[in-house]
Amino acid sequence: MPEKLKKNSWRDNLTDNLCEAFLNLKDIEDVYNFLEDLATIGEIKSMAQRLEVARLLSLSKKYPEIVNETGASTATISRVKKSLEYGAGGYKKQLGIRS
């Protein structure tokens with residue numbers, strides 16, 4: 001199977017609907033309310049932590065600093081770093097990083 005097909009194999013009608021739901025939200029309070037209904041607080045906090053790890057990595061922070069600032073494991077930091085370097089570009093777009 002070509003790499004591009006494997007990479008996007010999780011995309012389907014259900015995930016399209018989820019993405020559309022996010023696009024329909026009007027403000028931060030709508031996003032908070034939707035996230036609270038959609039995910040556990042732990043899942044939301046984990047996503048927020050990963051975004052912060054990405055931000056700190058983009059500032060060239062070292063792993064020990066990131067662990068201290070976020071509480072993220074080195075495994076999480078490594079996964080985020082891999083996504084920043086080789087991923088779909090979502091972190092870079094959100095953080096305003098040019099490729």
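Lys-61 is partly exposed, with a relative accessible area of 27%. Its side chain meets that of Glu-69 in a salt bridge. The model shown here is predicted. A search of the whole structure finds three salt bridges. This briefing takes them in turn, then looks at helix α6.

**The Lys-61 and Glu-69 bridge**

- The N to O distance between Glu-69 and Lys-61 is 3.5 Å.
- Glu-69 has a relative accessibility of 47%, so Glu-69 counts as partly exposed.

**The Glu-52 and Arg-55 bridge**

- Glu-52 pairs with Arg-55 in a salt bridge.
- The closest N and O atoms of Glu-52 and Arg-55 are 2.7 Å apart.
- Both residues sit in helix α4, three residues apart, so about one helical turn separates them.
- Glu-52 is partly exposed, at 26% relative accessible area.
- Arg-55 is also partly exposed, with a relative accessibility of 33%.

**The Lys-81 and Glu-85 bridge**

- Lys-81 forms a salt bridge with Glu-85.
- Here the closest N and O atoms are 4.0 Å apart.
- Both residues belong to helix α6.
- Four residues, or about one turn of the helix, lie between the positions of Lys-81 and Glu-85.
- Lys-81 counts as partly exposed because its relative accessibility is 34%.
- Glu-85 counts as partly exposed too, at 44% relative accessibility.

**The length of α6**

- Helix α6 covers residues 74-86, a run of 13 residues.
- At 1.5 Å a residue, α6 should span 18 Å.

- Which residues of α6 are buried? They are Thr-76, Ile-77, Val-80 and Leu-84.
- What covers the buried residues of α6? The cover includes α4 (41-58), α5 (63-70) and α7 (90-95).
- The face turned away from the buried side carries exposed residues. These are Arg-79, Lys-82 and Tyr-86.

**Putting it together**

- Helix α4 holds the Glu-52 and Arg-55 pair, and α4 is also among the elements that cover the buried residues of α6.
- Helix α6 has a buried side, an opposite face with exposed residues, and a salt bridge between Lys-81 and Glu-85.

Conventions: Residues are numbered from 1 along each chain as its sequence is written. This is a predicted model: local features need pLDDT of at least 70, side-chain atom pairs count only at pLDDT 80 or more; totals for chains, interfaces and linings use all residues. Side-chain values use heavy atoms; hydrogens and water are left out. Helices (H or I, at least four residues) and strands (E, at least two) are DSSP runs, numbered from the N terminus. The expected span of a helix is 1.5 Å times one less than its number of residues. Buried means under 20% relative accessible area, exposed over 50%, partly exposed in between (1.4 Å probe, protein chains only). Contact means heavy atoms within 4.5 Å.
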